[in-house]
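Open your viewer and keep the selection tool at hand. We will go stop by stop.

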Amino acid sequence: QNLLLSQTHTTNTTVLEDKFIIRNRATGRAVDNDDLDDLARVILAAAKDPLNAHSLKGQIESLEIENLALAERVLMLQNHLEDRQIKIVTDKDDKGKE
């Protein structure tokens, strides 16, 4: 969405004006000025929502635990294969021989 806000800065005789346009992605139309306050409240609430931040932290922790478990499983499977005298060759092993 694009934002239409106007801010004027005056220094001596120079006037600078910044404009931002908020557009609805679905319609491509600019959001009415009357709706900007409601939109700002929704955006701020979403950004400050501690439950959302807490949920993301929980998901990250869960994925980190899953990643560690998968890394341990890969090592275990590699050890089993090597015990059966099957050599595991990784990309970094190939590069070291060149």
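Select Leu36. Leu36 is buried, at 14% relative accessible area. Buried means under 20%, exposed means over 50%, and partly exposed lies in between, using a 1.4 Å probe and protein chains only. Leu36 is part of helix H1. Helices here are DSSP runs of H or I with at least four residues, strands are runs of E with at least two, and numbering starts from the N terminus.

A note on what you are viewing. This is a predicted model, where local features need pLDDT of at least 70 and side-chain atom pairs need pLDDT 80 or more, while totals for chains, interfaces and linings use all residues. Residues are numbered from 1 along each chain as its sequence is written, and side-chain values use heavy atoms, with hydrogens and water left out.

What joins their side chains? Asp38 and Arg41 meet in a salt bridge, 3.2 Å from N to O. A salt bridge needs a side-chain nitrogen of Lys or Arg within 4 Å of a carboxyl oxygen of Asp or Glu. By this rule the count is 1 salt bridge. Both residues lie in helix H1, 3 residues apart, which is about one turn of the helix. Asp38 is partly exposed, at 46% relative accessible area. Arg41 counts as exposed, at 54%.

Next, select Asp32, Asp34, Asp35 and Asp37. These residues gather in a patch of negative charge on the surface. Such a patch takes residues with over 30% relative accessible area and no salt bridge, and joins like charges within 9 Å. Asp and Glu count as negative, and the place of an Asp charge is taken as CG. Asp32 sits in the loop between strand S2 (14-19) and helix H1 (36-48).

Finally, clear the selection and show the whole protein. You will find 3 helices and 2 strands. Along the sequence, the pattern is β-β-α-α-α. How much of the protein is buried? Of the 98 residues, 5% are buried. The accessible surface is about 9200 Å², and 54% of that belongs to carbon and sulfur atoms. Areas come from the Shrake-Rupley method with a 1.4 Å probe.

Conventions. Patch = residues over 30% accessible without salt bridge, like charges linked within 9 Å, V, L, I, M, F, W, Y side chains within 5 Å.
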